[in-house]
Amino acid sequence: MPLNTDAKKNIIKKVISNQDYRDEVLVIIDEIFLDYCISFFKQVVYAKIDALGEKSDWYKKVFLNPDLPKEQIAINSGLNMKSITNAFNSSKKEVVIQASYDNYNRLQKTINDLVSNGNNFEIKLSIKFKDVAVDLTVAESLIVINTIAVKRAEIRGGMWSAVGKQVEKPLMTTLCMLFNVPFEYHAQDGNPDSFREVDFYVLSKDGKKLRTEVKLMGKGNPESADAIFARQPAIFLADKLSDKNKKQAEMLNVQWIELRNKGGYKRFQEVLNALNVPNSDLNGDLNTRLDEILKEIYGE
DNA sequence: CCTTCATATTGGTTGATTTC
DNA sequence: GAAATCAACCAATATGAAGG
């Protein structure tokens, strides 16, 4: 969830300079996921060792332990929180625990059916950590594999969400500074509450507040674009836009900017001129200026 | 007929606020 | 505080139209 400043800097730089920013995010997702895998498997080793000789289901006992945070219980059972809240209209811990237990039992049954079907299939994880090692049964292996798959979905969804939220405003600020829009014309403080849902706004010389919406989305996601147009922004800036998006924008008299495209960031200046926002040409080399501006925004 | 491309749908979050 | 709500952030997958 917290994105470090280096990542934010790199992402903004890439988005503006017509490079794809997604690799920056994928690296982070991979790191988090692999770290998680290691610590999870470590716990699996000890959980199974501790339960040696016991008849009980060690996975259930340890990983669906009601004392764990509800988010972890859900994941360990193979469920994401959103599915639970959508299904039960609640995210109360007791609800989550119930849903998780049900799901775990269902999953276990599915796996047992699969395994006992005798389809000449076997997969067994063998985990070693320091001086201890355990072998998982086929069913245990599949449970564990399912869990990390569900966990990865959580990490992925969370990371993309965090990136979008944390980058949109500094991205616009950077763009404004690039074309020397005076600070008073793009300061974001003092927004009335009714502007809260707007990503950003710039001021025109005649005092108009120009609503600006930012999206790093890829193509598709029409509902996302619809939500934008419903708010009637003056400017719609995105990483990638479909033809339909552009046509719709033109029809509604919304200035669009597609950064991941020829023209790219330069179109922002044309839009500023068209909307009567004070600005001047970018001074010097783009990459150099980006570094300077980002340092100004984020510090070293 | 089969692939390719664009759009539609679904499902994973965050983060600010409010409610209990 | 924990839980709920709601708008917002995205990717991944399904679907259907267009092209060869």
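Is W160 buried, exposed or partly exposed? Hold that thought for a moment. This is a predicted model: local features need pLDDT of at least 70, side-chain atom pairs count only at pLDDT 80 or more, and totals for chains, interfaces and linings use all residues. Residues count from 1 along each chain as its sequence is written, chains are lettered from A and ligands numbered from 1 in the order they are written, and side-chain values use heavy atoms, with hydrogens and water left out.

Okay, back to W160: it's partly exposed, at 27% relative accessible area. (Buried is under 20%, exposed over 50%, partly exposed in between, with a 1.4 Å probe and protein chains only.)

Now the rings. Phe, Tyr and Trp rings (for Trp, the six-membered one) pair if their centres lie within 6.5 Å; planes under 30 degrees apart are stacked, over 60 edge-to-face, and the rest tilted. That gives us 10 aromatic pairs. Take Y21 and W160: the planes sit at 80 degrees and the centres 6.2 Å apart, so we call the pair edge-to-face. Y21 itself is buried, at 4%.

Next up, W58 and Y59, also an edge-to-face pair, with 6.1 Å between centres and 70 degrees between planes. W58 is buried at 7%, and Y59 is buried at 3%. Both belong to a cluster linked by ring pairs, along with Y36, F40, F41, F63 and Y104.

Last bit: charges over rings, meaning NZ of Lys or CZ of Arg within 6 Å of the ring centre and within 35 degrees of the ring normal. R267 puts its charged end over the W256 ring, 3.8 Å from the centre. R152 lies over the face of F33, 5.1 Å from the ring centre.
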